[in-house]
Amino acid sequence: MSIAKRLRGSLPLFVMAPSLTLIGVGVYGFIATTFVLSLTSSRMFPKFDFVGFDQYVRLFSNDRWHIAVHNMVIFGGLYMVLGTLLGLLLAIFIDQRIRAEGFFRTVYLYPMALSFVVTGVIWQWMLNPSLGIEKLLHDWGFVEAKFRWLVDPEWAIYTVVIAGVWQVTGFVMAIFLAGLRGVDTEILKAARVDGASPWKTYTRIIIPALRPAFMTVLVVEGNLAIKSYDLVIALTKGGPGISTELPSTFMYSTTFNRNDLALGASSAVIMLMTVAAIVIPYLYMELKDDKR
Amino acid sequence: MTNANVVTANLDARATKSRQRQRIANRVLVYAVLVFFAILFLAPVYTMFLTALKTMPEIQQGNLFALPQNPSFQAFGHVWSEACISVRCTGLRGNVLNSFLMVIPAVLISVSLGALNGYVLTKWRFKYDNLIFGIILFGSFIPFQIVLIPMAFTLGKLHLAGSISGLVLVHVVYGLAFTTLFFRNYFVTVPDDIIKAAKVDGAGFWMTFYRILLPISWPIIMVAVIWQFTGIWNDFLFGVAFTGGENQPLTVALNNLVNTTTGTKAYNQDMAAAMIAAIPTLVVYVFAGKFFVRGLMAGSVKG
């Protein structure tokens with residue numbers, strides 16, 4: 001093979017080289033670095049003295065981390081369940097050959113275009129204990145109404161759920177709607193001929209056919225939930241107190257505000273492993289039957 | 001007509017009527033639910049706009065949905081050029097500029113690289129290309145907390161700490177996974193025969209890309225640009241971790257403005273600031289959202 005020809009043959013790899021370098025260093029190299037740091041006793045600056053898994057022991061005996069994980073379970077669970085159910089409901093209703101479908105789709109989906117910071121700021125105002133929804137209820141005649149979740153340590157995490165679900169539902173709807181449009185119409189016709197009720201058609205045929213869409217939705221939601229940082233910061237700043245601390249806010253404040261680099265790194269590793277446990281099987285399945 | 005026939009005809013008519021009534025009831029239910037949720041989804045942004053137009057005394061007397069008596073854009077003017085963010089009292093205009101200076105190069109670079117990656121991965125296939133795609137794709141799922149510490153030190157070493165160029169670099173690195181995914185999934189649907197024909201006609205690597213793939217790529221370019229624009233514009237984590245003071249992007253400045261006000265909180269200003277941060281992505285969404293949803297649906301769900 002001539003040199004020119006060989007060069008041309010490796011041109012595609014040259015083209016991808018910058019991207020692969022950036023990803024190799026910025027994703028995999030940095031993951032490795034963070035992991036290595038989590039095995040050291042670094043405080044403000046990295047120092048490479050290996051202390052084994054001491055930081056993980058410290059992490060799991062840290063009360064603040066326990067609160068963060070507990071909140072993650074509440075927030076992540078409700079966010080995924082409510083987001084999925086509402087998104088599916090809206091997709092099914094929009095799929096009933098309605099007028100102004102484009103209008104409703106646009107309205108449900110637009111929150112996804114907003115920054116989590118904007119969403120947090122808006123909901124902080126809506127949930128304001130003296131001037132927000134509580135005042136609205138009073139003005140509407142429910143003078144006894146109380147709605148102060150935002151300032152109640154027991155309930156504040158649920159305000160994060162409300163704002164998060166508000167933002168994600170339209171996106172979920174769009175994915176389910178695409179799935180619904182892809183359901184084989186022949187099977188639906190056959191079901192109608194057999195006299196199946198709409199309820200049965202949905203629970204027995206359509207919803208099972210949406211399995212790939214469910215997978216996509218749950219992976220996207222789980223991923224968004226674990227990453228959630230801006231929303232909590234803008235809405236509650238992790239408070240009142242530390243009652244809405246999440247792993248993401250724990251990692252940030254531990255690393256950058258409390259100068260406990262190695263502990264922050266260990267919390268980031270736990271976050272990554274949680275995401276990987278959800279995502280890797282999904283990616284594997286997607287790519288396996290994607291060999292066209 | 002016999003009696004029996006009349007009876008069945010009557011029954012049929014009654015059945016049709018009750019079926020019709022059932023259908024109308026169903027329709028009403030469907031629209032009622034859809035309208036209810038539409039109001040629920042619009043209310044927060046509606047009240048954001050109303051509140052931004054009110055004066056503080058009005059806000060204290062009224063409620064979320066009370067219309068402003070004398071709508072004024074004063075709050076907008078204040079947060080645009082006078083509001084204090086931490087110690088600087090020059091409003092958000094500088095931060096709006098920062099966000100544009102960050103988002104435009106980051107989008108152009110990440111989308112261009114993504115298009116090339118997608119092209120190579122689908123039309124110039126090589127050994128382990130699927131594995132490489134998987135390795136790239138995983139990058140779109142990582143929680144960014146895992147890269148914050150090394151990235152902070154790396155930006156320092158590159159003398160990019162605290163700068164907008166540093167943020168551009170960061171957004172290019174972590175945007176590549178998404179843009180590559182979009183273009184790869186789009187180019188996979190372009191028949192290989194077209195590419196082969198071009199190769200036979202003597203078109204090389206670049207020629208094939210420019211003359212054959214680019215002209216048909218507009219739908220996916222729209223998707224990638226919209227996705228990257230909203231994602232980078234809305235980013236907060238990288239902005240807050242890697243910039244400070246004058247170089248902060250808009251989302252970070254908005255959060256500081258809202259959470260550092262001393263004395264009585266000026267809700268009208270908070271809402272005006274939130275609107276300024278929301279408008280660019282909302283405009284993109286309203287004018288180009290159609291293309292995005294179409295492309296998103298094609299890319300995210302198979303079948």
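Trainee: Where is the kink in H13(A) centred?
Mentor: The kink in H13(A) is centred on Ala276(A) and amounts to about 35°, the bend at a residue being the angle between axes fitted to the seven residues ending there and the seven starting there. This is a predicted model, in which local features need pLDDT of at least 70, side-chain atom pairs count only at pLDDT 80 or more, and totals for chains, interfaces and linings use all residues. Residues are numbered from 1 along each chain as its sequence is written, while chains are lettered from A and ligands numbered from 1 in the order in which they are written.

Trainee: How many residues does helix H13 of chain A have?
Mentor: Helix H13 of chain A has 28 residues, 261-288, and spans 38 Å from its first C-alpha to its last, close to the 40 Å expected at 1.5 Å a residue; helices are DSSP runs of H or I with at least four residues, strands are runs of E with at least two, and both are numbered from the N terminus. The expected span is 1.5 Å times one less than the number of residues.

Trainee: Switching topic, which residues of chain A does UniProt list for "transmembrane region"?
Mentor: The unreviewed UniProt entry lists several, including 155-180 and 261-284, though such annotations may be inferred rather than shown by experiment. Residues 261-284 of chain A are 100% helix.
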